[in-house]
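Visitor: Please bring up the model, and let us go through it by question and answer.

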Amino acid sequence: MQTLKSFPAVINRSSRILILGSMPGNESLRKNQYYANSRNLFWKIIYALFDAVPDPSYEKRIEFILSKKIALWDVINNCYREGSLDSNIRDEQPNDFINLFRKYPDIKHIIFNGAKAYDSFRRHTGFNDQDGFIYKKLPSSSPAHAVKFDDKLKEWSVIKTYLSGAD
């Protein structure tokens, strides 16, 4: 097994929502792109929330998500993993959320793309009722989480609610 390293955060000063995955899968790591596996529904879901079609260009996808005040990152900074499954992650080390939240104080909503991201964040960073964040665990966009697209989209639509200011 080799040590895997996650990507830098995709974030800017206008970001209000932070979507956290666990650790990029092998295809994403190979392409150096968030959610690069063509079977992962992440980009399809995000674009569908705004009645748009995913752009084939990764750079345009990043521009799109940032224009919607959404940031991306992973809970895990580095780990060992054989294959792409979250269940194979070992010896995980978290990203530095204290400094991220200090640098980007307008983040108000933290959304977890699946149970592993949520569980890892809870274990390494924890939840504090006084921190002012609204936390939400959503069904994973991964093809390993076999739920119909429409069902995932319905749950992920909470992002639109958060962006409208109606928590």
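Visitor: How many salt bridges does the structure hold?

Guide: This is a predicted model, in which local features need pLDDT of at least 70 and side-chain atom pairs count only at pLDDT 80 or more, while totals for chains, interfaces and linings use all residues. Residues are numbered from 1 along each chain as its sequence is written, and side-chain values use heavy atoms, with hydrogens and water left out. With a salt bridge taken as a side-chain nitrogen of Lys or Arg within 4 Å of a carboxyl oxygen of Asp or Glu, the structure holds six.

Visitor: Which residue forms a salt bridge with aspartate 106, and why does the pair tie together parts that are apart in sequence?

Guide: In this salt bridge the closest N and O atoms are 3.7 Å apart. Aspartate 106 sits in the loop between α4 (97–103) and β6, and its partner in the loop between β1 (3–5) and β2, so the pair links parts that are 90 residues apart in sequence; here helices (H or I, at least four residues) and strands (E, at least two) are DSSP runs, numbered from the N terminus. The partner of aspartate 106 is arginine 16.

Visitor: What is the order of the open sheet of four strands?

Guide: Two strands are said to pair if DSSP finds at least two bridges between them, and β2 (residues 17–21) and β3 meet that with five bridges in the parallel sense, where leucine 20 stands opposite tryptophan 73 of β3. Pairing in this open sheet is parallel, and β3 (70–74) and β7 (134–138) are its edge strands, each pairing on one side only. The order is therefore β3-β2-β6-β7.

Visitor: What angle does the direction of α5 make with that of β6?

Guide: Helix α5 (residues 115–124) packs on the four-stranded sheet, where it touches β2, β6 (109–113) and β7, contact meaning heavy atoms within 4.5 Å. Axes are lines fitted to C-alpha atoms, for helices over the stretch in contact, and angles run from 0 to 180 degrees between N-to-C directions. On that basis the angle between α5 and β6 is about 125°.

Visitor: Which strands stand at the edges of the open sheet of three strands?

Guide: The order of this antiparallel sheet is β1-β4-β5. Three bridges join β1 to β4 (residues 76–80), with threonine 3 partnered by tyrosine 80, and three join β4 to β5 (residues 90–94), with isoleucine 76 opposite proline 94. One side of each edge strand is left without a neighbour in the sheet because each has a single partner strand, and these edge strands are β1 and β5.
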